[in-house]
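Thanks, everyone. Please look at the screen for a moment, and then I'll walk you through a few places.

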Amino acid sequence: MPLRKASHLFNLNLKRTETAIRSGRLDDAFALLQASPERGHRDGQTLIDRLAAAFTVRATEHLTAARLEDARHDANKALQLAGRSPEVAKLLAKVSTAEKERHGRQQRRQDVLATAEQQLNAGAYSIGAKLLGGLDADQSTSGAAAAGRLEQAIAAKRMIIDDAVQRIQTAVDAGEFTAAANLISSLQPDQRFHARIAPLLNVAVEPLIDAGVVELVAGRLDRAAAIADSLSWLRVQGAAPGTARQSGSPSYDELQQCLDRCRTVKRHLASHDFSSATAELNLLRRVIPDAEWVREAQTAVAEALQLLNSLAAGPLGLLPNSSASADVPSRPVAQNDDRLAGDIGGGTPGRCVLRVDGIGGLLLLRKDIVTIGAISSPSSAACDLRLQTEGATTAIRIRRESDDYFAESEEAFKVNGLQVTRKLLANGDSIAVGSRGRLRFLKPVAASGSAVLHITGSKLEQRDIRNVVLMSDSLLFGPNGSHFRLPNEDSPIVLHCDAGGYALRSLQAGSEWMPLRLGQSVLMNDVRFALTE
């Protein structure tokens, strides 16, 4: 009895599975077989083969209809039932290929949508619409929705452009360029430089830039700045297309750069940085050479700088920045103080060479009368300066009287091309020595008694020396208005001398006097000064 009952149940399970297969309920049949202990029986194996074949057939139908998820589902069930048989392996390969192809199509659609959105943001609405029109119908619901949103955005932006073009054109035709520029500035950045807006942008903006340039050249910087500020939206995507001018007048960017440079000059002047202000004004002059106010500002700043440097090189510049007591001397070396004189330099040599970084060698002569002659003349053996020239038979003397300098000789010589025997020298005078020798007299710092002879045309016996300093009390190194200009040095440096020797001091706050002894060097403000014989 138990055996007949078990056989009856066995047949019942197989019949249920067979019925599910015949009715197309393959998933139900699969569940029954998976749960049935009789699936290992011969009849159960037969049903497994039938079910695997049915899954294979149905998966192929799904694949043909591009229902890839259903095809994958049935192919996996066939794989579980029949293993990787040739038919199942072939089916799985087809499904994988179809999935890869669909993924590629979806990725390409996503790329097209992204590109279309970029074109939309860049204002290229026609290109974006064309890209969307090329999409196939085989796309997901989300992809179709995204394409629809982009198409709607393109249509809306086209309407905005159409309205803006009409209103801007009306303002331009009426000569209301400011109103036209305001209409353009109210658009989104991608719309301002749209292909239909760009020509109107140029027409509207150019007269305003021209007006700003006129105000800039005339020195009405407040009005020029107001115009530039009203056009600041041009910087959103860089310089507006087509605003580079062919007439030579500045574009908007150049107008704004000029104004920024003017503001920089103002800041330098407020901080008393006249050297930097001069450099900025020089650059400004190159851009707007017709601006008279720039030339006037250059002259005023140069005069202010020279006056300050003259003060720094005079008696006031000899004062220390602070005093510990009333007994501290105001000069670096007192002429009647042997102790201080010995500490500074042990006396001032009448003739020595000062070598300065960025300038070279300077011959320092501490004499009231300096004699100059030609090497070719036998009488020049006792001269202080012997030039490699011919034709000069009599020495020329440079005599210092107080803060004035005179050139004199027993025979006539030329100063600025004129024959003289005695001449009060002025800054820039040219003294001829023989046929080739030329000495240019320089006294750029009025408050200092020192002067410079710059040698051209011929050379001294010391061939590396091109400048001779007629040393009085001080020598100024630094920016414009100094005896010698130091590159990249804004704070003047003073070389002072008296009976005690030489000393250096920077005019920066907190700087103290530093002795400069013969045979030694001093580093000040990253500039090295060395004193040699």
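When I say that two residues touch, I mean heavy atoms within 4.5 Å. Keep in mind that this is a predicted model.

You will find Thr-371 in strand E3, residues 369-374. What does Thr-371 touch, leaving out residues up to four places away in sequence? The list is Ala-382, Cys-383, Asp-384, Leu-385, Ile-396 and Arg-397. Take Asp-384 from that list. Along the sequence, Thr-371 and Asp-384 are 13 residues apart. In space, their C-alpha atoms are 5.2 Å apart. Is Thr-371 buried or exposed? Its relative accessible area is 18%, so Thr-371 counts as buried. The cut-off for buried is under 20%.

Thr-17 sits in helix H1. Thr-17 is buried too, at a relative accessible area of 1%. Again leaving out residues up to four places away in sequence, Thr-17 touches Ala-29, Leu-32, Leu-33 and Leu-47.

That brings us to a pair of helices. Two packed helices are described by the angle between their axes and the distance between the axes. Here the pair is H2, residues 26-35, and H3, residues 42-64. The angle is about 150°, and the axes are 11 Å apart. Angles over 145 degrees count as roughly antiparallel, so that is the term for H2 and H3. The crossing of H2 past H3 is left-handed.

Which residues meet there? From H2 come Leu-26, Asp-27, Ala-29, Phe-30 and Leu-33. From H3 come Gly-44, Leu-47, Ile-48, Leu-51, Ala-54, Phe-55 and Arg-58. Sorted by class, this contact has nine nonpolar residues, one polar and two charged.

On to charges. Side chains of opposite charge can pair when their charged atoms come close. How many salt bridges does a search of the whole structure find? It finds 22. I'll show you three of these.

Start with Glu-18 and Arg-50. The closest N and O atoms of this salt bridge are 3.3 Å apart. Glu-18 is in helix H1, residues 2-22, and Arg-50 is in helix H3. That links distant parts of the chain, 32 residues apart. Glu-18 is partly exposed, at 27% relative accessibility. Arg-50 is also partly exposed, at 34%.

Next, Arg-436 and Glu-390. Here the closest N and O atoms are 3.4 Å apart. Both residues are in loops. Arg-436 lies between strand E8, 430-433, and strand E9, 437-442. Glu-390 lies between strand E4, 385-387, and strand E5, 396-401.

Last, Glu-401 and Arg-422. Their closest N and O atoms are 3.6 Å apart. Glu-401 is in strand E5, and Arg-422 is in strand E7, residues 418-424. The two are 21 residues apart. Glu-401 is partly exposed at 35%, and so is Arg-422 at 41%.

This pair also belongs to a network. Salt bridges with shared partners join Glu-401 and Arg-422 with Arg-397, Arg-399, Glu-408 and Glu-410.

Terms used. Residues numbered from 1 in each chain as written. Predicted model: local features only at pLDDT ≥ 70, side-chain atom pairs only at ≥ 80, totals over all residues. Heavy atoms only, no water. Axes fitted to C-alpha atoms, helices over the stretch in contact; angles between N-to-C directions. Helix = DSSP H or I, 4+ residues; strand = E, 2+ residues; numbered from the N terminus. Parallel < 35°, antiparallel > 145°, perpendicular 65-115°, else oblique. Left-handed = near helix turned anticlockwise from the far one by under 90°. Nonpolar A, V, L, I, M, F, W, Y, C, P; charged D, E, K, R; others polar. Salt bridge = Lys/Arg side-chain N within 4 Å of Asp/Glu carboxyl O. Buried < 20%, exposed > 50% of the residue type's maximum accessible area, 1.4 Å probe, protein only.
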